Amino acid sequence: MLKYIVKRLAYAVLILLGVSMIIYFLIRLMPVDFIQSKVDAISQSAATVDQETVDAMYKMFGLGDNSFKGILNGYFGWLKALARFDLGTSFVYGVPVADKIVAHMGTSFTVALIATIFEFLIAIPLGITAATHQYSLRDYVVTILVMIGISLPSFFFGNMLKSWLSLKLGWFPPSGLTDASQSYTGAALILDYARHIFIPILTMVILSIGARMRMTRTNMLEVMNSDYIRTARAKGLKESVVINKHAFRNTLIPLVTSMAGLLPSLFSGAIITEQVFDLPGIGNIALQAMNRGDIPFIMGYNMFLAALSVIGVILADLMYAVVDPRVKLQ
């Protein structure tokens, strides 16, 4: 097991190295120019900026040399900073990228974690009951829910829920994370947080359970038609034992595969949902940085997600040995 983990970590370093090259060179080719945008903003305020000042700004942010050699030197300089866990300083926000990510990661993580818990608690049982009652009314209901969850865009469904539950009924706040007009503390503050994130979580759960239900149903149907399931029934085992002990455990194997992307999804932020409900999550902050050409933040944020993705894949591989005793990690 230890040898396997060390080997996978070595592969992970090589993968992250390749990802860093792709991220750096793609970001340097972005059509958005932060320096030019800043100069344009200054010019609109009736001030003038001479070319010497513009060149100095490009040099200060490490963007002055756009030759291949200059870009290559910039990449290796950024790589050395990454080795020290230094993601650079944000152009737009003026603070270290790592500090900005940590400051806004908690909101995205809390919303995503709660939504993921409810997603699994709802989707997996519904997928199992749809598979065990194939072509019944409950199977058709689950299929309809799957189609709704897969088809509806998050910006449309989020705005629809906000219009109905917030603007028309007034049950929940329409946007933000807290009520700025109040100074809540303790339990009242937690309740205020819960009221603000209820609709975003509801949006994420409804739109995500469809794919999880379909996966669970498909895998369960495949397992239920296996020979060992027929053998277990022939031995006289209770149907609940056959489903929960024998069938469901083998259904977990494909689900573990899908969980490889769970770790980065918890920290990456739901960009569109956070935009719709104006949540100060990392997804919303990253989108603003992207629109304004914040090169250090975009590169640091994407490397952060790449590292989480690699870790998620490694953890998923390790989980195979837990759910399937036949898997031996060597």
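Q: Where in H8 does a kink lie, and what is its angle?
A: In this predicted model, H8 has a kink of about 40 degrees at Ile197, shortly before the proline Pro200; the bend at a residue is the angle between axes fitted to the seven residues ending there and the seven starting there. Residues are numbered from 1 along each chain as its sequence is written. Local features need pLDDT of at least 70, side-chain atom pairs count only at pLDDT 80 or more, totals for chains, interfaces and linings use all residues, and side-chain values use heavy atoms, with hydrogens and water left out.

Q: How far apart are the end C-alpha atoms of H8?
A: Helix H8 (residues 187-224) has 38 residues, yet its end C-alpha atoms are only 47 Å apart, short of the 56 Å that a straight helix would reach at 1.5 Å a residue. The expected span is 1.5 Å times one less than the number of residues, and helices here are DSSP runs (H or I, at least four residues), numbered from the N terminus.

Q: Switching topic, at what angle do H5 and H6 pack?
A: Helix H5 (residues 97-132) packs against helix H6 (residues 137-151) at an angle of about 135 degrees, with the axes 8 Å apart. Axes are lines fitted to C-alpha atoms, for helices over the stretch in contact, and angles run from 0 to 180 degrees between N-to-C directions. That makes H5 oblique to H6, given that angles under 35 degrees count as roughly parallel, over 145 as roughly antiparallel, 65 to 115 as roughly perpendicular and the rest as oblique.

Q: And which residues make that contact?
A: On H5 they are Leu126, Thr129 and Ala130, and on H6 they are Arg138, Asp139, Val142 and Leu145, where contact means heavy atoms within 4.5 Å.

Q: What about H5 and H13, how do their axes cross?
A: The axes of H5 and helix H13 (residues 282-291) come within 7 Å and cross at roughly 135 degrees, which makes H5 oblique to H13. Here Lys100, Ile101, His104, Met105 and Ser108 of H5 meet Ile282, Gly283 and Ile285 of H13.

Q: Last pair: are H9 and H10 roughly parallel or roughly antiparallel?
A: Helix H9 (residues 227-234) and helix H10 (residues 239-258) pack at about 160 degrees, with their axes 10 Å apart, and they are therefore roughly antiparallel to each other.

Q: Which residues of H9 and H10 meet there?
A: Tyr228, Ile229, Ala232 and Arg233 in H9 meet Glu239, Val242, His246, Ala247 and Asn250 in H10.

Methods: Helices (H or I, at least four residues) and strands (E, at least two) are DSSP runs, numbered from the N terminus.
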